[in-house]
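Please keep the sequence and the model in view while reading.

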Amino acid sequence: MLPTNLVSTYQAYKKDTDSIAAWLASTAKSCGYASESVAAGPANKTTSTRLKGKARAAARKTNASTTKSAAKSAVIAKYTIKIKDFVPLAEFIASQHNVSIPTSLITTLRRVIAIRGGFGDKLAEEGAIKDKLNDQKHGYFVGILRKVRDVLQPRTKPSKAASTPKRTSEKEDAVATDGFVNQFAALKMYEPSEDFANTPDVERPKPSEGTNVTYEAEPLTSLEDVIIATTMLINDLNVIRSRVEWIWSNWRDGFFDLAAAAIATNTAIDLARNLMDDVVPLIKDCGGLQHILAKVFVMQAITKGYVLPATPRLDDFALEAFDVADGTYILTYNVLESLARVVQAQNIPIYKEGSFGYYDPRSTRESKSGYKKHEEDRVLLMKFFTELMAVERGVANYPVADEFLRGVKELAETKQVSFHLVFAAQIFLDIHHTLRAGADRGYEMLEKNLCFLEGEIDAHLEYHKDMKINNWPAHNNWMISQIKSKLKSVLSDPAHNAKLKAYREIGQPVPISLERNRLLKMSPVLSGLMLYHFRIEVWDVGIALANAWGSITYSLHLYNALQAEELEPRKWPDMDVVRTLLGDSNFFVGDAPGTAADYFKKFCLQMGTTVTAFSKNRRANPTLSSLSSKSGPRGIKDGAPVSSMFMDRYLRNTGQVDWTAADVAKVIELSLWETEGSEEEHTLILGQIEDPEKLRQKKNRKKFSPETAKLHPEQLIRGLMFALQGEVLEIAFPYTAMHRECWSLLRAVRKHCDPLLRQTFDAAYMERESELCFVVGYIFMAITDNPGSELLSEAAVAVREYVRTEGSTMLGLLKEIGMPVEFKSQKEAEEMGLA
């Protein structure tokens with residue numbers, strides 16, 4: 001099920017029907033209506049609210065009687081109201097003179113009648129499912145709703161905010177101005193628009209108060225009902241498809257990052273899978289997925305003017321009406337179903353090049369016939385299916401899995417083609433249609449980044465081979481070396497090795513065209529997820545490394561003091577980028593210091609030393625290392641709040657993300673980036689939030705309201721894409737290299753200032769190199785005790801010389817992986833509309 005603040009068309013429709021049933025039953029019962037349909041419905045069942053976490057612990061502390069009472073009150077009876085009882089309930093209510101009929105009930109009735117009436121009549125008129133419709137059942141539900149409306153509408157009393165709704169024709173109902181009706185009335189395979197986003201909250205009738213009972217309408221499971229539900233679902237899926245196409249067209253044009261695009265795409269498929277949860281059981285009970293998709297396709301094709309042949313072959317008709325078939329998923333299902341038939345236990349199905357034609361990504365798809373387009377899609381799916389099965393059957397512990405691979409793993413076990421697998425396969429095809437010959441550019445980008453990360457790991461291990469510190473044990477470096485081994489394994493393509501083994505087992509020669517890394521070359525999504533996997537893992541290592549050694553934090557403290565004292569006019573570009581990305585809150589307790597006393601005080605607070613360090617008696621015990629508190633130093637911890645949400649899924653492989661209301665709110669609310677301007681007018685800008693109050697609210701927000709503004713999954717994916725894109729530079733930044741740069745700078749400062757440090761303190765001021773960060777503290781202590789001390793000025797000389805030659809190293813590394821960083825003056829930013 002989707003979270004409560006994610007809205008699907010079918011869920012909204014079902015809420016309408018349930019709210020009608022609930023109002024009728026609860027109102028009739030409150031007026032004394034005596035019937036088993038209200039007192040004890042046929043699906044009488046109870047649901048209980050189970051406390052979790054702290055609430056459960058608190059409940060244990062209450063006395064037994066209170067607990068029993070609370071448990072009793074938490075039990076909610078749930079009744080199902082049969083459709084045949086709607087009219088008797090309405091007639092009873094209409095006979096009660098003291099009952100006011102809310103206008104929201106009549107509006108909701110109209111909304112459902114508009115959906116069901118127009119859709120069901122279209123089905124019958126076109127003959128799309130005429131052979132399966134029972135004359136008595138067709139239109140039965142609509143007739144019931146119309147009767148309820150006619151019985152209750154005369155009793156509707158106007159409220160202060162609304163007048164009594166006038167009677168309207170069915171045609172007028174179908175085109176009612178209510179935004180929600182417009183979403184359902186035609187039930188076309190529409191292109192995405194702003195309509196859903198701009199739809200106001202829909203008011204539904206509320207059941208009578210004072211009862212601990214919930215009511216729902218009897219499930220409608222006829223073929224007509226299932227086709228309506230499936231069409232609603234397909235409408236929602238196609239909106240998500242269009243948003244995914246938007247993602248990859250922008251990636252193609254250089255606006256989005258590969259890893260961010262891949263996560264947003266796979267999350268879109270996750271949400272689509274959740275959308276299906278309500279409808280798939282209905283489909284299974286009504287002939288299965290292929291049967292229902294075929295019915296929906298034929299209905300849509302006829303509606304769009306195609307003429308169904310007297311003795312049609314569905315595949316031929318689908319190729320003639322290819323655009324309709326593409327929008328109803330029937331052709332993609334058929335290809336996958338044919339592939340499912342060839343799956344055998346333990347074997348990798350080998351695709352023979354050219355058996356079903358060839359795919360030329362350099363050709364123009366738009367000019368092709370339906371047959372040629374389908375041939376392209378079939379070749380792509382068959383070739384890629386072999387790659388996915390090679391991972392499933394021949395590769396243990398592959399680092400990442402997208403929803404397509406996950407769906408194929410399920411197919412290999414069940415031999416069943418699920419709807420979410422069909423959707424994942426369609427997204428795979430859509431991406432190829434968007435990128436064409438540029439689809440393998442995703443792998444090129446992945447390979448470049450992984451080679452860069454491999455070099456970073458080598459540089460780290462070489463730099464630290466003789467360096468030791470208590471809170472960075474040798475085991476950590478061994479784990480980093482394992483990242484390198486995993487990285488090299490991915491680039492060597494274990495799936496390719498599995499295919500070679502499969503060819504040997506069946507005694508066939510390996511074709512010349514069998515290339516390495518075809519899996520990642522064919523799937524920009526898997527390439528992007530793989531990039532995220534290694535990028536976030538090395539990011540995590542880099543932050544842990546910086547925290548353990550204190551290199552970046554205390555170098556920034558020194559750099560900040562030099563700038564505040566105007567001793568370092570030269571900018572340190574690498575540190576300026578880090579400070580911008582992570583913010584001062586990760587480096588200072590409170591605001592950045594600007595006086596000598598505050599430099600030392602803020603250093604001590606960040607280091608985790610005791611208050612004694614800056615008391616009047618500190619001269620008696622000047623060794624900072626002896627004053628450390630139990631809490632230890634404060635570290636960098638507020639980074640990448642949105643990107644880090646996906647570490648469990650794509651780094652630790654702990655399973656699918658469960659999208660709760662809190663998760664959705666976190667995506668929207670915790671992002672420290674925001675958009676301004678308009679996509680349509682090409683003025684859209686993505687920038688960091690700079691308002692201090694807004695930042696404080698975001699960082700301090702612990703709980704999120706479940707009543708967040710209603711979101712369609714497509715809207716969430718758009719917001720997620722921008723939130724991820726805003727954090728790309730932060731997680732791609734080479735913190736391991738920045739650690740080495742900062743540690744080398746501290747070495748240079750210590751070497752230059754060593755004579756003066758020995759003179760001010762003594763020769764034992766630093767016993768081992770792991771205490772290098774304390775040099776910054778000693779400098780601040782010296783200028784606090786003796787404002788005339790030259791230690792800070794001498795440190796400036798060392799910093800200035802080092803930054804002159806090494807201070808832009810990180811910018812060079814970022815440029816190497818395709819992320820050039822430019823600095824703009826305030827005036828330039830204002831002229832560009834960036835400030």
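Q: Leaving aside neighbours within four places in sequence, with which residues is I144 in contact?
A: The structure is a predicted model, and in it I144 has its place in helix α7, residues 140-152. Once the neighbours within four places in sequence are set aside, the contacts of I144 are with I83, F86 and V87.

Q: Is I144 buried or exposed?
A: A residue counts as buried when its relative accessible area is under 20%. The relative accessible area of I144 is 11%, so I144 is buried.

Q: How far apart in space are I144 and I113, C-alpha to C-alpha?
A: In sequence, I144 and I113 are 31 residues apart. In space, their C-alpha to C-alpha distance is 9.6 Å.

Q: Which kind of aromatic pair do W246 and F256 form?
A: The structure holds 23 aromatic pairs. For W246 and F256, the centres are 5.3 Å apart and the angle between the planes is 70°. Planes over 60 degrees apart count as edge-to-face, and the pair of W246 and F256 is edge-to-face.

Q: Where do W246 and F256 lie?
A: Both W246 and F256 are buried. They are ten residues apart, and the pair links distant parts of the chain. W246 is in helix α11 (residues 223-252), and F256 is in the loop between α11 and α12 (258-276).

Q: How many residues apart in sequence are the parts that the pair of Y329 and F419 ties together?
A: Y329 and F419 form an edge-to-face aromatic pair, with 6.1 Å centre to centre and 75° between the planes. Y329 is buried, as is F419. Y329 lies in the loop between α16 (322-328) and α17 (330-341), whereas F419 belongs to helix α20 (residues 419-435), so the parts tied together are separated in sequence by 90 residues.

Q: The charged end of which residue sits over the ring of W251?
A: R243 lies over the face of W246, at 4.3 Å from the ring centre. For W251, the distance from the ring centre to the charged end is 4.2 Å, and the residue that supplies this charged end is R441.

Q: Why is helix α14 largely enclosed by the rest of the structure?
A: Helix α14 (residues 289-303) has 15 residues and reaches 21 Å from its first C-alpha to its last. Among its buried residues are L289, K295, F297 and Q300. Helix α14 is largely enclosed because its buried residues number twelve of the 15.

Definitions and conventions
Residues are numbered from 1 along each chain as its sequence is written. This is a predicted model: local features need pLDDT of at least 70, side-chain atom pairs count only at pLDDT 80 or more; totals for chains, interfaces and linings use all residues. Side-chain values use heavy atoms; hydrogens and water are left out. Helices (H or I, at least four residues) and strands (E, at least two) are DSSP runs, numbered from the N terminus. Buried means under 20% relative accessible area, exposed over 50%, partly exposed in between (1.4 Å probe, protein chains only). Contact means heavy atoms within 4.5 Å. Rings of Phe, Tyr and Trp (its six-membered ring) pair if their centres lie within 6.5 Å; planes under 30 degrees apart count as stacked, over 60 as edge-to-face and the rest as tilted. A charge sits over a ring if NZ of Lys or CZ of Arg is within 6 Å of the ring centre and within 35 degrees of the ring normal. The expected span of a helix is 1.5 Å times one less than its number of residues.
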